[in-house]
Amino acid sequence: MKGLIIGVVLCLAAACNSLSPVEQQQYENLIAQGAEPVEKKKPAVAGALNLVAGFGDIYNNEWGAFALDFLLWIPSIVWAVPQGVMTAGNINKKATIAYYTIGEGRNQGFDANNSRAAPPKSLQP
């Protein structure tokens with residue numbers, strides 16, 4: 001029993017999509033400067049889909065989490081729904097950082113690494 005619990009905890013830890021402290025700070029800097037968040041995934045959809053054997057994990061491209069949630073379907077609803085919502089939110093935050101640092105939005109004047117950067121001129125009154 002103890003081995004099963006350790007195995008489940010390790011699988012859950014491996015399946016989580018989280019932000020590093022640097023990514024979290026970059027996202028907060030962009031939002032503070034007035035950058036529009038990018039919504040690549042819809043957290044509510046991911047959470048709702050995880051009610052059905054981990055299909056929210058497929059939506060989020062989290063195949064390890066899907067395998068675990070599929071195998072432990074009924075009890076996995078307890079952790080899978082909030083996990084799907086958080087994962088989709090983190091995917092969106094990473095997409096926002098990428099858009100404004102290396103993507104099409106990089107020329108809009110936002111600085112993810114500077115919390116005190118002035119908003120771009122297009123957003124100034």
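**Entry 1: helix α5**

I looked up which residues sit on the face of α5 turned away from its buried side, and found the exposed residues Gly64 and Leu71 there. For this I took buried as under 20% relative accessible area, exposed as over 50%, and partly exposed as in between, with a 1.4 Å probe and protein chains only. Helices are DSSP runs of H or I with at least four residues, strands are runs of E with at least two, and both are numbered from the N terminus.

I then listed the buried residues of helix α5 (residues 63-71), which are Ala65, Phe66, Leu68 and Asp69. They lie on the same side of α5 because they cover an arc of only 170° around the axis. That arc is the one spanned by the directions from the helix axis to the C-beta atoms. I note the general rule that an α-helix has 3.6 residues a turn, so residues three or four places apart point the same way.

**Entry 2: basis of the model**

I record that this is a predicted model, in which local features need pLDDT of at least 70 and side-chain atom pairs count only at pLDDT 80 or more, while totals for chains, interfaces and linings use all residues. Residues are numbered from 1 along each chain as its sequence is written, and side-chain values use heavy atoms, with hydrogens and water left out.

I checked the confidence next: the chain averages a pLDDT of 77, and 78% of the residues score at least 70. The pLDDT is the predictor's confidence in each residue, from 0 to 100. Confidence is lowest in helix α1 (residues 2-15), with a mean of 54, and highest in helix α2 (residues 21-32), with 91.

**Entry 3: the chain as a whole**

I counted 6 helices and 0 strands, which follow the pattern α-α-α-α-α-α along the sequence. Of the 125 residues in the chain, 34% are buried. Accessible areas come from the Shrake-Rupley method with a 1.4 Å probe, and for residues only the protein chains shown count as cover.

Among contacts with a separation of 6 or more, 64% join residues 24 or more positions apart. A contact means heavy atoms within 4.5 Å.

**Entry 4: aspartate 57**

Beyond residues up to four places away in sequence, aspartate 57 touches Asn50, Glu62, Ala65, Phe66, Asp69 and Gln83. I also noted that its C-alpha atom is separated by 9.9 Å from that of leucine 68, 11 residues apart along the chain.

I placed threonine 96 in helix α6 (residues 73-101). Threonine 96 is buried, with a relative accessible area of 0%. Neighbours within four places in sequence aside, its contacts are Tyr27, Leu30, Glu36, Pro37 and Val38.

Alanine 88 is also in helix α6, and its 0% relative accessibility counts as buried. With neighbours within four places left aside, alanine 88 is in contact with Lys41, Lys42, Pro43, Ala46 and Asn60. The C-alpha atoms of alanine 88 and alanine 44 are 8.6 Å apart, at 44 residues along the chain.

I looked up tyrosine 99 in helix α6 as well; at 28% relative accessibility it counts as partly exposed. Outside four places in sequence, tyrosine 99 is in contact with Val38, Glu104, Gly105, Arg106 and Gln108. Its C-alpha atom is 9.4 Å from that of proline 37, 62 residues apart along the chain.

**Entry 5: salt bridge**

How many salt bridges does the structure hold? I found 1 salt bridge, in which the side chains of glutamate 39 and lysine 42 meet at 3.1 Å, N to O. The criterion is a side-chain nitrogen of Lys or Arg within 4 Å of a carboxyl oxygen of Asp or Glu. Glutamate 39 counts as exposed at 52% relative accessibility, and lysine 42 as partly exposed at 45%.

**Entry 6: nonpolar surface patch**

I found that Val45, Leu49, Leu51, Val52 and Phe55 form a nonpolar patch on the surface, with about 380 Å² of accessible area together. Patches are made of residues with over 30% relative accessible area and no salt bridge, where like charges are joined within 9 Å and nonpolar side chains (Val, Leu, Ile, Met, Phe, Trp, Tyr) within 5 Å. I located leucine 51 in the loop between α3 (43-49) and α4 (55-59); at 43% relative accessibility, leucine 51 counts as partly exposed.
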